[in-house]
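Me: I am new to this structure and would like to learn how to read it. Could you take me through its features one by one?

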Amino acid sequence: MRIAMVSYEVYPFAKVGGLADVVGALPKYLEKQGMAVDIFMPYHKKVDENSSKFGYTIEKVSEGISIPHLLTEEKFDIYRTRLPGSKNVNVFLIANGYYFSADEVYQGPDLAEQAIFFSAAVLEAIKKLDFHYDIIHVNDWQTSLIPVYLKSIYKNDEKLSKIASVLTIHNLGYQGIFEPSYMKFAGLPDYLFSIDGIEFYGNINFLKGGILFADVINTVSPTYAREIQTKEYGEKLDGVLRVRSADLYGILNGIDYEEYNPETDKRIYVNYNLDTIEKKKENKKLLQRELGLPERDVPMIGMINRLVDQKGLDIMAEIMDYVSLFDIQFVLLGTGEEKYENMFKKLGERYPEKYSINLKFDVVLAQKIYASADMFLMPSRYEPCGLGQMYSLRYGTIPIVRYTGGLADTVKEYNPETKEGNGFGFENYDSAYLLKAVAKALYYYNEKEHWTALIKNAMTTDLSWDNSAKEYVKLYQRAKSKIQ
Ligand SMILES: Nc1ncnc2c1ncn2[C@@H]1O[C@H](COP(=O)(O)OP(=O)(O)O[C@H]2O[C@H](CO)[C@@H](O)[C@H](O)[C@H]2O)[C@@H](O)[C@H]1O
């Protein structure tokens, strides 16, 4: 089978969050399952910026392609590079100077037009390329119009009508809701502006289109796949998701075991494995030095996150003064909403000996934190899968999480009697329970026998892509069977 994987972010070319990690890793593991995979992404400015750092070269394949059904004269070019670490994964970059020239991935003149242009361009590119794809695998709202196009204006196209589509929802919180006028720009037929189409409370909703028209849908953990069909987590699309529940699956993300390996990771200070776990402390000491924290053996809590409501920062705000009563250090790396950046800045000013607040995007510092911290905090309000807790587990850093979505599927509460479990957590979205979980983790940190068991359980948790890649192959087969 040949798969066209379509995404706005792909590591290492351009990364904002977890989506990039998934699309940068999954194709390598699909190759191991015998699949042929090509990636399609926008040619963001970041792709050039990262090229020398990651050593990839880019060549032009085709130029000046227009898209007949769009209300624009803009044309696109196709460039090609290779996914580092893969055998044969082509990465096709869709280039257009007007839509994709912003410094950041999710910036530009008009996010709706940009996503429409990209989605349509991918289909026109596929028509042009020599490859025959069995599946188009789209990710999140930016690429969700692709299944809509396939089932409407391309439904009789000789090449495209034979391709099945799969939509992966990485985050239901972002849907791409815009004014109905974009229907015209996109060249979509009027009948789609209806309750059975992409109409959504008087506007249009790109993700809804993907949910209704993709042959098969999945999200990134089994628990989240269940949760999003409820009113509480459904973000007003629970009804639509329930309509498609027979075709809705949950496949847990994996992590790239080659890229994220404490034994070989060049970004951390000192490499280690389970047998040399005492070296983890050297990492902590060197991180304390780099960040200007007192070099002491105190429990260090790490947090690496986009600073947005999803991540449970409001309940954190309620307890951090209490957490600061303990002898701890707290290292934050993140960027996001101003109210949260200010909240952390204030904590840093109030407790300079305890807090290191790093309001920036820095993948090297992120690795150093995963390797150096003793605990990793992720009290998310909702979490489709979550990668931070998985990287932490792999580096022997004990997660403290809210048991929701993928966090509930990967972190198991430590049981001191059986010595099973790899972390700590709570269920009710309430700061008192969060505080209790943090206190529990801090207590066991001082119980050497238990902490050793926790680290062992964490580092031996199976988080590899191998199993999940097999699940994706099954998903592709299901999708393919729908159009034959
Ligand atoms: N300031 C910073 N500097 C450096 N690195 C930073 C950073 N801020 C965040 N990161 C990195 O970005 C990634 C975040 O991934 P997550 O999966 O935890 O959350 P995200 O909400 O972005 O992803 C969404 O998609 C993924 C993929 O499916 C789901 O796992 C998740 O639940 C869903 O919300 C991690 O690799 C983290 O290290």
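Reply: Happy to! Let us begin with strands: helices (H or I, at least four residues) and strands (E, at least two) are DSSP runs, numbered from the N terminus. Two strands pair if DSSP finds at least two bridges between them. As a case, N218 has Y249 in β12 as its bridge partner. This is a predicted model, where local features need pLDDT of at least 70, side-chain atom pairs count only at pLDDT 80 or more, and totals for chains, interfaces and linings use all residues. Residues are numbered from 1 along each chain as its sequence is written, and side-chain values use heavy atoms, with hydrogens and water left out.

Me: In what sense do strand β11 and β12 pair, and over how many bridges?

Reply: Strands of a sheet pair through backbone hydrogen bonds, either parallel or antiparallel. Here β11 (residues 216-219) and β12 pair in the parallel sense, over three bridges.

Me: Which strands make up the open sheet with mixed pairing, and in what order?

Reply: Nine strands form that sheet, in the order β3-β4-β5-β2-β1-β6-β7-β11-β12. β3 and β12 (248-250) are at the edges with a single partner strand each, so one side of each has no neighbour in the sheet. From one strand to the next, the twist averages 25 degrees. 

Me: How do strands β3, β4 and β5 join up?

Reply: Strand β3 (residues 59-66) runs antiparallel to strand β4 (residues 75-82), and five bridges join them. E59 stands opposite R80 in β4. Six bridges join β4 to strand β5 (residues 90-95), again antiparallel, and R80 stands opposite F92 in β5.

Me: Which strands does helix α18 lie across?

Reply: First, the terms: contact means heavy atoms within 4.5 Å. Axes are lines fitted to C-alpha atoms, for helices over the stretch in contact, and angles run from 0 to 180 degrees between N-to-C directions. Helix α18 (residues 465-482) lies across β1, β6 (135-139), β7, β11 and β12, and runs at about 135 degrees to β7.

Me: What is the strand order in the open sheet of three strands?

Reply: The order is β8-β10-β9, with antiparallel pairing. β8 (177-178) and β9 (199-200) stand at the edges; each has a single partner strand, so one side of each is left without a neighbour in the sheet. Helix α7 (residues 206-213) packs on this sheet, touching β8, β9 and β10, and its direction makes about 50 degrees with that of β10. Two bridges pair β9 with strand β10 (residues 203-205), and E199 is opposite I204 in β10.

Me: Into which domains is the chain assigned?

Reply: Domain bounds come from an automatic or database domain assignment. That assignment gives domain 1 (2-254 + 466-482) and domain 2 (274-462). The contact takes 21 residues from domain 1 and 20 residues from domain 2. Taken over C-alpha atoms, the centres of domain 1 and domain 2 are 32 Å apart.

Me: Which residues of the second largest pocket lie nearest its centre?

Reply: On a 1 Å grid over the protein atoms alone, a cavity is a set of points where a 1.4 Å probe fits but cannot get out, while a pocket is an open set with protein on both sides within 12 Å along at least five of seven lines; lining residues have an atom within 4 Å of a point. The second largest pocket has 27 lining residues, with Y11, F54, E258, E259 and R267 nearest its centre. Domain 1 and domain 2 each give at least three residues to this lining. α1 gives the most, with five residues.

Me: Which residues line the largest cavity?

Reply: Its lining consists of Y8, V105, Y106, L111, Q114, W141 and Q142.
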